[in-house]
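Keep the model open beside the text as you read.

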Amino acid sequence: MSSPFLLSARALSLKPSSTVAVTSRALELKRAGVDVISMSVGEPDFDTPGHVKAAAIHAIESGKTKYTAVSGIPELREAISAKFKRENGLEYAPDAVTVTSGGKQALFNAFFALLNPGDEVLIPAPYWVSYPEMVALTGAFPVPVPTHAANGFQLDPQALEARVTPMTRMIVLNSPGNPTGAVFPPEVLKAVAEVAMRHNLMIVTDEMYEHLVYDAQQVSIGTFAPEHTLTVNGASKAYAMTGWRIGYAGGPKAVIAAMNALQSQSTSNASSVSQYAALAAFQQHEETTQFIGMALKAYRQRRDRIVAGLNALGLKTPTPQGAFYVMADTTRIHPDELEAARIILDDARVAVVPGTDFAAPGQVRLSYATSMENIEEVLRRLGELLERRAQQE
């Protein structure tokens, strides 16, 4: 029976994810007892560090379970302010910092605080699937700026500036990037910052993967254009705290104040217990640094193995400089990435993410935030899949 209520134009404007069919099929196979290896999950496979969990338990036992300020507890905002200065060279006072329910909410708040209907937003592609959808919800228009596998998905500042129009309001950056793992070098970021200042644009930079960098220098673009930059981050990736839902942002005070006002009318404060857990991650530097070092070593080993293995199979895969994803060219399996992902799932029992919603035709994303044993088994299964298809040709 259909609903008697009409959905809003905003809700109807959201594009259904092209990955839903593949994800649903993977769940069907798992429920049927099929051994499916998922390479689609964008979260660390490590557990949250012990000192962070202990801080959460202490917060619960000491009654820190009430509402907090919308922008976050003062101690956490002070710790984030100190972190920005220590690790990123960014001068954000505590009242220029806000804490949100995950990095996604920080981005959502920022877009609704800064964009008007008809504005244009430049987004390097391939991009994380939520950027263009969030932008579109505000009534603004996402404008992709293509990057290419041949040079590791590096951004060309001149190509970016060529897409600036009188309606352009914002540039969205993600470095290290999801899904590509690309890290934009300092000279590129400086050039992008100069574009923003020339055209009076706001930069929203998502630096969620900043600690997961292998062969590059991670620099915050806010150091080049502080008054034009909002820096978004979170506890999810570096500290293996995806389920705790702690994001944060620092930037011009007027922007942060507007984001807080929006949040006060939506979710209010982030979880109090999660905030105290994140506080331990920021304050207990030695334990946190040890955890990040352990995870980074494991990710590097996994990255090297999966990149070498996929390329050896003829699935061209650039070496990512950061994050924990690779983008593999699957046109050898099928020209259409959705069909390639379906074949890989049905015939090799491996779940991957087609590049359709990333604006990455002919490619799929694999996450190596999984065990080395799983990676070896995935490479074996893909090898057998390619052998079978070669025999059928």
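The lining of the largest cavity is made up of 12 nonpolar residues, five polar ones and no charged ones. This is a predicted model, and the cavity in question has a volume of about 140 Å³. Of its 17 lining residues, those closest to the centre are Pro 124, Pro 126, Tyr 127, Asn 174 and Phe 184. Two strands, strand 3 (120-125) and strand 5 (168-174), each supply at least two residues of this lining. Strand 5 gives the most, with three residues.

A cis peptide bond joins Ala 125 to Pro 126, with omega about 5°, and Pro 126 itself sits in the loop between strand 3 and helix 6 (130-137). Another cis bond runs from Asn 178 to Pro 179, where omega is near 20°. You can find Pro 179 in the loop that leads from strand 5 to helix 8 (186-199).

Seven strands form an open sheet with mixed pairing, in the order 2-8-7-6-5-3-4. Strand 2 (97-100) and strand 4 (141-146) stand at the edges with a single partner strand each, so one side of each has no neighbour in the sheet. On average, and ignoring direction, neighbouring strands here are turned by 20° against each other. Strands of a sheet pair through backbone hydrogen bonds, in either a parallel or an antiparallel sense. Strand 3 and strand 5 run parallel and are joined by three bridges; Val 121, for instance, has Met 170 of strand 5 as its bridge partner. Helix 4 (residues 74-88) packs on this sheet, where it touches strand 2, strand 7 and strand 8. The direction of helix 4 makes about 115° with that of strand 2.

Asn 200, in the loop between helix 8 and strand 6 (202-206), has a positive phi of about 55° although it is not a glycine. Ala 240 likewise is not a glycine and has a positive phi of about 55°; its place is the loop between strand 7 (229-234) and strand 8 (247-250). Are these two residues buried or exposed? Asn 200 has a relative accessibility of 57%, which is over 50%, so this residue counts as exposed. Ala 240 has a relative accessible area of 7%, which is under 20%, so this one counts as buried.

Strand 11 and strand 12 (residues 363-367) are paired antiparallel over two bridges, and the bridge partner of Pro 354 is Val 364 in strand 12.

Phe 324 has 0% relative accessibility and so counts as buried. Leaving aside neighbours within four places in sequence, Phe 324 has contacts that include Gly 42, Tyr 209, Lys 237, Tyr 299 and Leu 366. Phe 324 and Val 213 are 111 residues apart in sequence, while their C-alpha atoms are 9.3 Å apart in space.

The largest pocket has a volume of about 870 Å³, and of its 38 lining residues the closest to the centre are Gly 42, Trp 128, Asn 178, Lys 237 and Arg 365. Helix 2 (20-31) gives the most to this lining, with five residues. By class, the lining of the largest pocket holds 17 nonpolar, 13 polar and eight charged residues. The second largest pocket has a volume of about 280 Å³; of its 16 lining residues, Lys 15, Val 129, Ser 130, Glu 133 and Asp 357 are the closest to its centre. Here the largest share of the lining, five residues, comes from helix 6.

Note on methods: Residues numbered from 1 in each chain as written. Predicted model: local features only at pLDDT ≥ 70, side-chain atom pairs only at ≥ 80, totals over all residues. Heavy atoms only, no water. 1 Å grid on protein atoms, 1.4 Å probe; cavity = no way out; pocket = protein on both sides within 12 Å on 5 of 7 lines; lining within 4 Å. Points joined across faces, edges and corners; volume = space filled by probe spheres on them. Helix = DSSP H or I, 4+ residues; strand = E, 2+ residues; numbered from the N terminus. Nonpolar A, V, L, I, M, F, W, Y, C, P; charged D, E, K, R; others polar. Buried < 20%, exposed > 50% of the residue type's maximum accessible area, 1.4 Å probe, protein only. Pairing = 2+ DSSP bridges. Axes fitted to C-alpha atoms, helices over the stretch in contact; angles between N-to-C directions. Contact = heavy atoms within 4.5 Å.
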